[in-house]
Amino acid sequence: MKELLQKEDDVLQKLGTVEQAMKRYSLGETNMRRVGNEAGAIVRIGKSVRFNFTILDRYMDRISGGL
């Protein structure tokens, strides 16, 4: 049950760290930051930097010829 809840949380998560974004999109840190900037998906909250996965998903679909 705990695994199921964790998977559901991952799907619903809107913001994540650079490490989470790197894992999700299989990119290194430099490329992840570049793509995040190009997509306009970087959110700064104080000193914290987060990536908006909703924006990144749309951007990745667009550049890969997806929906």
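Modeller: N52 is buried, because its relative accessible area is 9% and buried means under 20%, with exposed over 50% and partly exposed in between, for a 1.4 Å probe and protein chains only. This is a predicted model, in which local features need pLDDT of at least 70 and side-chain atom pairs count only at pLDDT 80 or more, while totals for chains, interfaces and linings use all residues. Residues are numbered from 1 along each chain as its sequence is written, and side-chain values use heavy atoms, with hydrogens and water left out.

Biologist: Which residues does N52 touch, not counting those up to four places away in sequence?

Modeller: Taking contact as heavy atoms within 4.5 Å, N52 touches K14, L15, A41 and V43.

Biologist: What does the side chain of N52 reach at 3.1 Å?

Modeller: That side chain reaches the backbone nitrogen of I55, and one of its polar atoms lies 2.9 Å from the backbone nitrogen of T54.

Biologist: How should I read the strands, and in what order do they form the sheet?

Modeller: Strands of a sheet pair through backbone hydrogen bonds, either parallel or antiparallel. Here strands are DSSP runs of E with at least two residues, and helices runs of H or I with at least four, numbered from the N terminus; two strands pair if DSSP finds at least two bridges between them. Three strands form an open sheet in the order β1-β3-β2, with antiparallel pairing. β1 (15-16) and β2 (42-45) stand at the edges, each with a single partner strand, so one side of each has no neighbour in the sheet. N52 lies in β3, and β3 (residues 48-52) pairs with β2 over four bridges.

Methods
Polar contact = N/O pair within 3.5 Å; in protein donor to acceptor, adjacent residues only side chain to side chain.
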